[in-house]
Amino acid sequence: MLSTKKEKELLKRCRKGDQQAQLEVYDRYYRAMYNTAVRIVKDPQEAEDVMQEAFLKAFSKLHTFKGASSFGAWLKKIVANQSIVAYRRNKAKQEVSLEQALPFEDSENQGVIMEEETYNPRFNLAMRCLTDLRESYRIILTLNLIEGFDQQEICEILKITPANCRTTLSRARESLRNKMMSYEE
């Protein structure tokens, strides 16, 4: 991860249109942002497109970044928002197979999720059950449990009230727990 001083200097260069600085930022954040996108859109190619669009948007809107949070957190919000929009846009167009929804089982996509996670049967079960949840539960749990957004950030991303967020998170966790228990029996 970048030190605060190095990050500020790099972002200052990016604001001036320094393509070398933008490439360095891209290289540092690419993997994490791709992982965020692929978990939401459930399609590796679409995740790549979403991530590219998100980086372009971030660089064009960099003047709005005030530094209240880390650049990575700010960028992750952009990627999550772009991913949700893309997922909803493409949802009606295509059905997603289980293999597409679980990129860690596809030999071409090894490394999308960290290797140690792929050998944990409980993690694999949770991910499989997560993909079987209805859309609103899957998205809110992905943002909270996998991407690490707090409830306030989720409210902003999904444009929902705090009460709706708490209720949906609670119901989504319960639904995931029930699915996992039914698979374990």
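Tutor: A polar contact is a pair of N or O atoms within 3.5 Å; within protein, one must be able to donate a hydrogen and the other to accept it, and residues adjacent in sequence count only if both atoms are side-chain atoms. This is a predicted model: local features need pLDDT of at least 70, side-chain atom pairs count only at pLDDT 80 or more, and totals for chains, interfaces and linings use all residues. Residues are numbered from 1 along each chain as its sequence is written, and side-chain values use heavy atoms, leaving out hydrogens and water.

Student: Which backbone nitrogen does a side-chain oxygen of aspartate 43 reach at the start of α3?

Tutor: The backbone nitrogen of glutamine 45, to within 2.9 Å.

Student: How many helices and strands are in the chain?

Tutor: Helices (H or I, at least four residues) and strands (E, at least two) are DSSP runs, numbered from the N terminus. Here the chain has ten helices and zero strands.

Student: What span does helix α3 reach from its first C-alpha to its last?

Tutor: The expected span is 1.5 Å times one less than the number of residues. Helix α3, residues 44–60, has 17 residues and reaches 24 Å, close to the 24 Å expected.

Student: Which residues in α3 are buried?

Tutor: Buried means under 20% relative accessible area, exposed over 50%, partly exposed in between (1.4 Å probe, protein chains only). In α3 the buried residues include Val50, Met51, Phe55 and Phe59. Among the elements that cover them are α1 (4–15), α2 (19–41) and α4. Of the 185 residues of the whole chain, 44% count as buried.

Student: At what angle do the axes of α2 and α3 cross?

Tutor: Axes are lines fitted to C-alpha atoms, for helices over the stretch in contact, and angles run from 0 to 180 degrees between N-to-C directions. The axes of α2 and α3 come within 8 Å and cross at roughly 135 degrees. That makes α2 oblique to α3, since angles under 35 degrees count as roughly parallel, over 145 as roughly antiparallel, 65 to 115 as roughly perpendicular and the rest as oblique.

Student: Which residues in α2 meet α3?

Tutor: Contact means heavy atoms within 4.5 Å. Tyr34, Ala37 and Val41 are among those in α2, and Val50 and Met51 are among their counterparts in α3. Tyrosine 34 is buried, with a relative accessible area of 8%.

Student: Is serine 83 buried or exposed, and why?

Tutor: Serine 83 counts as buried because its relative accessibility is 0%. This residue lies in helix α4, residues 71–91. Serine 83 touches Ala37, Ile40, Val41 and Val50, not counting residues up to four places away in sequence.
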